[in-house]
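Hi everyone, thanks for coming. Let me put the structure up, and then we'll walk through a few spots together.

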Amino acid sequence: MGSDSEAEKTQQKEKERKKMLAISPIAKPLAGKKLSKKTLKFVRKAAEHKCLKRGVKEVVKSIRRGHKGLCVIAGNISPIDVITHVPILCEEADIPYVYVPSKVDLATAGSTKRPTCCVLVLTKPTKGELSPEEQVKLKADYSHIVEDVSELTSSLF
């Protein structure tokens with residue numbers, strides 16, 4: 001009976017190892033397990049409230065239009081040329097960004113079936129209005145994650 005759970009654990013560790021091997025070398029700052037989980041949870045909430053832009057094309061368009069938020073980029077994109085310009089745009093627009101290990105996990109959190117390269121979590125919804133409580137919760141989560149990302153970035157450089 002105990003061997004089944006051990007087999008599951010080894011299978012899980014193998015999946016994690018494969019995810020880490022597939023990460024591109026430019027994926028910095030890469031979120032750790034804890035921050036990654038927190039970030040994906042935040043992306044899920046943002047998707048529910050329609051505060052999310054999915055895909056490279058939409059994200060780039062939003063950044064160029066001056067929208068603010070948090071950019072979450074998948075670290076296992078191949079070829080990496082698809083997303084190499086996104087961090088530069090984010091830095092120019094003063095938008096915090098972070099890499100997460102898996103594009104599949106990012107898509108799941110963003111409520112899409114297809115793997116997603118990157119998402120931009122907006123601070124305000126694109127259509128309609130949020131209730132004040134929802135807005136406060138979203139802003140609080142946003143500020144916590146941005147704080148963690150800035151700590152991660154400062155430790156890199």
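Predicted model: local features only at pLDDT ≥ 70, side-chain atom pairs only at ≥ 80, totals over all residues.

Residues are numbered from 1 along each chain as its sequence is written, and side-chain values use heavy atoms, with hydrogens and water left out.

Okay, helix 4, residues 85-92. Helices here are DSSP runs of H or I, at least four residues, and strands are runs of E, at least two, numbered from the N terminus. Which residues of helix 4 are buried? They're V86, P87, L89 and C90, where buried means under 20% relative accessible area and exposed over 50%, with partly exposed in between, using a 1.4 Å probe and protein chains only. The buried ones pack against helix 3 (56-64), strand 2 (69-74) and strand 3 (97-100); contact means heavy atoms within 4.5 Å. On the face turned away from that buried side, you'll find the exposed E91 and E92.

Now the core. A nonpolar core is a set of buried Ala, Val, Leu, Ile, Met, Phe, Trp, Tyr and Cys residues joined through side-chain atoms within 4.5 Å. The largest one has 44 residues, and I63, C71, V72, I73 and V86 touch the most other members. Helix 2 gives the most to this core, six residues.

Last, T116, in the loop between helix 5 (103-109) and strand 4 (118-122). Why does T116 count as buried? Because its relative accessibility is 7%.
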